[in-house]
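Colleague: Could you take one chain of this model and walk me through it closely? I'd like the chain by itself and then how it meets its neighbour.

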Amino acid sequence: MGSRQITEKALTMLRSLPRVSLGNIRDNPGYKKNPKRGRGQHGGDKHGAGNKGSGQRQNYMRLGYETGNNPFYLRMPHEHYYKGHHLRRQYPPFSLHELQLIIDKDRLDISKPIDIASIVKSGMYNFTPDEKHFGINLTDVGADCFAAKINIEVQWASEQVIAAIEKMGGVITTAYYDPHSLYLLRDPKKFFESGQSIPRRMIPPPDAIEYYTSAKSRGYLADPEEISKDRLRLAQKYGYELHVLEDDPNYEMLCERKDPRQIFYGLEPGWVINLKDQCILKPKDSELQRFFAS
Amino acid sequence: MNLYFRPKLLQSRLTSVFRSATTVSEVVQNEQVDIDDTENSLAREAEIEKKRNISRLSAAHYNVINGRRPYKEPMALPHLTVKYNRKMYGKYGAASGVNPNICWPSKLDIEEKQEYEAVAYPFTIKEMMTMVAEKREQERLKTQQRDNEIAAKFAKLGQWKKELKEKIAKKEAEVEAAKLKKERLIEEVRRHFGFTLDPRDERFQEMLAKREKEQKKREKQARLEAREKLMIAKLQQKKVEGVSE
Amino acid sequence: MATVWRSQSAFARIFAGKSGLILNNTADLGAKLNPASISTLKKHYSNYAHSPFVRKIQEQYEFEIIKNPPEWEYVQRLLPFESIPKITPKAAYPSGWIPQKEEASNLPYFIERNKNQDLSIYLDISYRGMRKISKIKKIEGDIWLMNDDVKDFLKKRYKRYIETRVHELGKFIEVKGDYVNALNEWAYSKGF
């Protein structure tokens with residue numbers, strides 16, 4: 001726009017001006033700084049070199065040297081094995097055996113869908129979102145003794161685990177929660193007592209999107225048809241008969257899933273929960289509703 | 001947990017004792033005097049409360065223990081903030097006297113959040129999926145191309161091996177041939193001289209050179225003759241063809 | 001300020017908060033930020049100093065308060081237990097958990113279960129793995145008799161004398177060595 005006109009102008013000028021030579025050009029102002037010698041009261045005497053020491057004697061210590069003690073730049077060695085560790089997500093493990101234990105001990109209600117909040121509530125699992133923990137990694141320890149039909153939502157599960165759960169007629173989903181949502185799930189009571197409105201869950205980052213959109217890992221963003229195909233594939237691979245979910249009396253409970261923007265089951269973003277008076281405040285303002293529904 | 005609640009239990013026991021002591025007289029008094037002593041009775045109640053409360057807790061802590069918000073009036077800067085008031089609403093509900101409007105984000109908050117999300121999550125899910133699919137496709141193509149290249153090269157591998165062997169053999173053969181030729185010439189010259197002369201001798205070298213020249217001439221002649229023969233054969237063939245037509 | 005313009009990941013780092021992790025692993029796409037946005041999007045830790053004053057908020061939203069809403073069961077599901085839930089007896093426990101049996105109370109000694117309804121038999125390892133002690137805790141009743149029984153049981157099984165230590169006041173028995181599984185078996189067989 002403006003710069004274009006300037007270049008045009010410059011070019012037209014050039015066409016009319018005499019030939020450019022060394023005799024009719026000069027550098028931009030400020031190119032040459034004439035160093036003034038230090039003379040007189042302020043520039044003279046020690047000439048900016050201070051008193052004694054390596055500074056005045058022009059025998060400077062090397063950059064980073066800390067007069068003998070182990071300098072900062074040498075204290076932390078290069079340990080390339082944890083390069084980029086701050087960018088890696090961690091999923092603290094939780095075995096199927098543990099899951100069966102808490103089901104047996106009645107710390108988990110299997111008549112309702114299970115998610116990370118209910119597992120943390122049971123008291124047998126905890127994680128710290130501070131330390132880049134992004135949720136539950138359901139491991140296959142105890143997969144052959146697992147015997148419970150559940151609707152569970154974890155953050156990471158391998159094929160064996162998915163097979164073990166589906167063998168019993170259950171449903172497993174892998175879902176992504178951003179760290180803020182994880183704090184909420186870890187301690188919902190504390191969040192409700194802070195008087196904030198329930199926020200929206202964020203979408204997974206680009207390097208996690210593949211996992212959560214693939215049917216093979218039962219991602220929450222995957223195509224349901226692909227998932228049902230993969231259920232059949234797993235049934236054939238691990239040699240069990242595939243349960244027909246539609247015929248199940250608990251069909252509704254087993255198919256209950258959260259919206260990708262929902263953090264808690266049954267509670268939508270934008271609501272304010274009042275624990276003391278046992279009431280829920282739902283916004284009616286259109287802008288707020290639009291924001292929370294986006 | 002027990003330790004925490006002990007003073008309360010003590011208190012309740014004490015209050016029950018005092019209540020039983022005072023309520024009787026109060027009831028009696030109220031029966032006797034009707035309405036005009038309400039202010040006094042309230043004041044008396046307050047005084048009794050003060051005497052009852054031997055927990056030595058501050059007013060704020062006493063309120064918290066009894067499930068009320070600690071301060072009714074703001075006493076410090078944080079009490080004026082949105083965060084504190086939201087907490088009061090969350091913990092004490094409508095009794096906290098807070099307008100629930102502040103529980104939701106303000107317009108500015110919403111705008112800021114949206115801007116943040118636009119930068120932090122620039123791609124939609126579909127876009128990310130396509131990006132990943134493209135990346136996988138690229139990888140697949142690259143590996144496929146490499147595989148094809150290698151397969152093609154493998155096919156030619158046998159031929160290359162053969163060619164290499166031939167080349168080496170040819171070189172060796174040439175070297176052999178040259179050596180043999182040299183040997184033969186030396187033999188001939190030796191025979192010519194009749195006695196074993198040092199090959200490095202001058203006369204030997206001259207003779208060798210002469211012989212080599214003669215050999216070359218003969219070879220050239222032979223080549224020319226061969227060519228002529230070919231030409232004649234060709235012409236003859238042409239003639240034959242012309243006649244047949 | 002100039003440094004903020006450079007890369008998106010650096011920008012995201014500003015918002016990271018305490019953990020300092022880049023919450024979205026996006027590559028550097030050179031997103032253009034205008035000066036206005038930078039001034040408003042400051043790093044906000046959640047503390048009272050960064051929270052605005054209530055009197056500054058002018059928004060008045062319409063909202064509805066629903067008392068005893070149908071979704072309250074979802075809220076109750078999220079609230080923590082007041083106490084550890086009692087375990088209802090079941091036909092089978094696939095996890096391998098064995099409940100306490102009534103017949104155990106008839107014995108002269110007793111091993112109490114802990115809060116998680118598990119047996120308090122633990123393995124203490126010290127001196128870099130050189131010392132292993134199996135500790136049976138929460139013992140009531142005739143602890144010396146139990147000690148004899150345990151020693152007999154272990155001797156029969158492992159064909160050698162196994163040293164134990166009895167602590168009456170502490171209500172525990174320490175067995176020298178890693179015999180936790182064997183002790184668990186013994187305790188379950190007795191019904192504890």
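What percentage of the 192 residues in chain C do buried residues make up?

Modeller: Buried residues come to 12% of the 192 in chain C (buried: 20 or more other C-beta atoms within 10 Å of the residue's own, C-betas placed from the backbone). Keep in mind that this is a predicted model, where local features need pLDDT of at least 70 and side-chain atom pairs 80 or more, while totals for chains, interfaces and linings use all residues. Residues are numbered from 1 along each chain as its sequence is written, with chains lettered from A and ligands numbered from 1 in the order written.

Chain C has 6 helices and 7 strands (DSSP runs numbered from the N terminus: H or I, at least four residues; E, at least two). Along the sequence you get α-α-α-β-α-β-β-β-β-α-β-β-α. Of the contacts in chain C between residues at least 6 apart in sequence, 56% join residues at least 24 apart (contact: backbone-placed C-betas within 7 Å).

Now for the neighbour: 37 residues of chain C are in contact with 38 of chain A. On the chain C side, strand 1 (63–67) and helix 4 (72–78) are the elements giving two or more residues. That side splits into 20 nonpolar, 10 polar and 7 charged residues (nonpolar: Ala, Val, Leu, Ile, Met, Phe, Trp, Tyr, Cys, Pro; charged: Asp, Glu, Lys, Arg; polar: the others, Gly among them).

Strand 1 of chain C also pairs with strand 7 (residues 279–283) of chain A, antiparallel, over 5 bridges (pairing takes at least two DSSP bridges). Within that pairing, C:Ile65 in strand 1 of chain C is the bridge partner of A:Leu281.

Definitions and conventions
Contact = placed C-beta atoms within 7 Å.
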